[in-house]
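Please look through the sequence and the model shown here before reading on.

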Amino acid sequence: MAVIRLARYNQRRTTPAYVEESKSNMGKVTETIEKKLQEALAPDHLEVIDESEGHRGHAGYRDGGESHFRVVIRSKAFEGQSRVTRQRMVMGALKEELAGPIHALSIQADTPDAH
């Protein structure tokens, strides 16, 4: 059973850097990222973090967010793979989103036993 954490940058930054969000409060792009990574890589741990608010006024920012993301993922599918190959596996699963709504994606991809 995967541990899934969906989060969004806290706009005011008066609390720790990220605030937990329920799935019902997350946007379509966030949900698509989660779904595609679940299907492609069957992770033991997955965090999809919308960091868009931290990029307000920068290139690629859109009102409403969902343009800049960080993904933390741990999957057995990464065993024996290099860091670059792991990142390519994630980017391959999100190919359509990277060509469209995702402006920036930060990836931390590890095996389950790495933590």
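## Contacts along the chain

Two residues are said to be in contact when heavy atoms lie within 4.5 Å. Among the contacts in the chain with a separation of 6 or more, 61% join residues 24 or more positions apart.

This is a predicted model, in which local features need pLDDT of at least 70 and side-chain atom pairs count only at pLDDT 80 or more, while totals for chains, interfaces and linings use all residues. Residues are numbered from 1 along each chain as its sequence is written, and side-chain values use heavy atoms, with hydrogens and water left out.

## Elements and surface

The chain holds 3 helices and 5 strands, taken as DSSP runs (helices H or I, at least four residues; strands E, at least two) and numbered from the N terminus. Read from that end, their order is β-β-α-β-β-α-α-β.

Of the 115 residues, 38% are buried, that is, under 20% relative accessible area with a 1.4 Å probe, counting protein chains only.

## Helices H1 and H2

Helix H1 (residues 28-41) and helix H2 (residues 83-93) have axes that come within 9 Å and cross at roughly 125°, where axes are lines fitted to C-alpha atoms over the stretch in contact, and angles run from 0 to 180 degrees between N-to-C directions. H1 is therefore oblique to H2, because angles under 35 degrees count as roughly parallel, over 145 as roughly antiparallel, 65 to 115 as roughly perpendicular and the rest as oblique.

Technical notes. Buried < 20%, exposed > 50% of the residue type's maximum accessible area, 1.4 Å probe, protein only.
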